[in-house]
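Hi,

Here is the structure I promised to send over.

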Amino acid sequence: MRRPFALLAGVLLAGACALPASAADGGRAGDQGFTIKDPRITESSGLAASHLHPGVYWTHNDSDDGPYIYAVDSRTGKTVATVTLRGIGSPRDVEAISIGPDNQIYVGDIGDNLGGKWPYVWIYRLPEPKVLEDLTVTATQYVVKYSDGPRNAESMVVDPKTGRVYIIDKNEDGGHLFEGPARLSPSGANIFRPVATVDLWATDAALSPNGRQLAVRGYFGGISYDWNGGEIKRKGRLDVPLQGQGESVSYTADGTRLMFGSEGANSAVQAQDAPEGAASASKSPSAAGGSASGGGDGLGSGGNLRTGAVVVAVGAAVLFGLRRMRRRKA
């Protein structure tokens with residue numbers, strides 16, 4: 001009778017050890033920070049965690065590049081796909097990138113360094129490629145105007161629940177959150193209206209995957225806001241790393257960390273823990289594994305280790321009970 005007991009113990013021990021990789025390595029390696037190694041990417045001005053490819057981040061150059069976005073594998077820092085946007089004309093000053101519902105990528109050609117030279121700016125939308133390879137994708141182009149006149153902006157977010165697009169203008173004395181229409185229209189101008197004050201000279205922003213937190217960064221700091229569907233409420237300061245020209249920020253796919261990027265060749269993307277409440281509250285098995293679609297229960301490796309401890313404890317109790325039953329029958 002010893003063999004079945006040993007077999008059961010082995011199965012239980014294997015189950016305890018077969019936890020997600022995050023229990024052993026503290027999460028995907030790239031989410032600890034990485035360096036963009038592509039020599040073509042010298043002005044990374046936006047960053048967005050892929051919804052379909054774990055550990056991959058989309059980025060783009062600021063200007064003087066072309067209609068391109070790049071998929072960078074954070075585990076190696078190498079570009080794994082270059083996507084050419086077709087049907088949009090010539091970009092002027094691309095400053096932001098965000099991924100909304102249905103895995104749609106939004107690219108913000110919203111920069112205006114002269115603070116009002118352009119009477120309108122553009123947003124481009126395209127589906128995130130299911131396969132990472134160099135390809136050309138037809139994008140939809142939207143004309144954007146502000147209700148109170150032209151302005152410079154470098155920050156754009158897409159609400160992960162509603163798909164509504166928001167822009168934050170860049171002003172040294174602080175700016176505003178501008179809300180776009182419920183659905184962007186490819187015909188005519190899409191009017192963005194100010195709905196809240198942002199107390200920062202903003203260079204980029206990101207919404208948490210669960211749609212609860214807004215992170216806004218500048219050159220020398222950042223602010224966390226409760227999102228509330230665009231009715232933002234200041235929550236606290238962000239621990240923004242000191243970078244040469246801090247231009248980008250993105251949540252990791254599970255919402256547990258913030259990734260801060262900078263312009264320049266071989267630019268570093270640095271990771272910081274996200275504010276409380278930014279990770280998903282979902283407890284589903286897929287979320288617990290930190291899925292690419294933005295799941296995750298915020299437990300991290302500690303939660304997995306606790307799960308392993310419970311498995312071992314239950315296994316020990318079962319073995320003990322079976323041994324006692326066997327002794328009684330004897």
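Among chain contacts (heavy atoms within 4.5 Å) between residues at least 6 apart in sequence, 53% join residues at least 24 apart. Bear in mind that this is a predicted model, where local features need pLDDT of at least 70, side-chain atom pairs count only at pLDDT 80 or more, and totals for chains, interfaces and linings use all residues. Numbering runs from 1 along each chain as its sequence is written, and side-chain values use heavy atoms, with hydrogens and water left out.

The chain has 330 residues, and 48% of them count as buried (under 20% relative accessible area, 1.4 Å probe, protein chains only).

Now the inside. Leaving out residues up to four places away in sequence, Leu126 touches Ile69, Val83, Leu85, Ile105 and Val107, among others.

What lines the largest cavity? The residues are His60, Gly66, Pro67, Tyr68, Ile69, Leu85, Pro91, Val94, Val107 and Tyr124. By class, eight are nonpolar, two polar and none charged (Ala, Val, Leu, Ile, Met, Phe, Trp, Tyr, Cys and Pro count as nonpolar, Asp, Glu, Lys and Arg as charged, the others, Gly among them, as polar). A cavity here is a set of points on a 1 Å grid over the protein atoms alone where a 1.4 Å probe fits but cannot get out, and lining residues have an atom within 4 Å of a point.

Cheers

Conventions: On a 1 Å grid over the protein atoms alone, a cavity is a set of points where a 1.4 Å probe fits but cannot get out, and a pocket is an open set with protein on both sides within 12 Å along at least five of seven lines; lining residues have an atom within 4 Å of a point. Buried means under 20% relative accessible area, exposed over 50%, partly exposed in between (1.4 Å probe, protein chains only).
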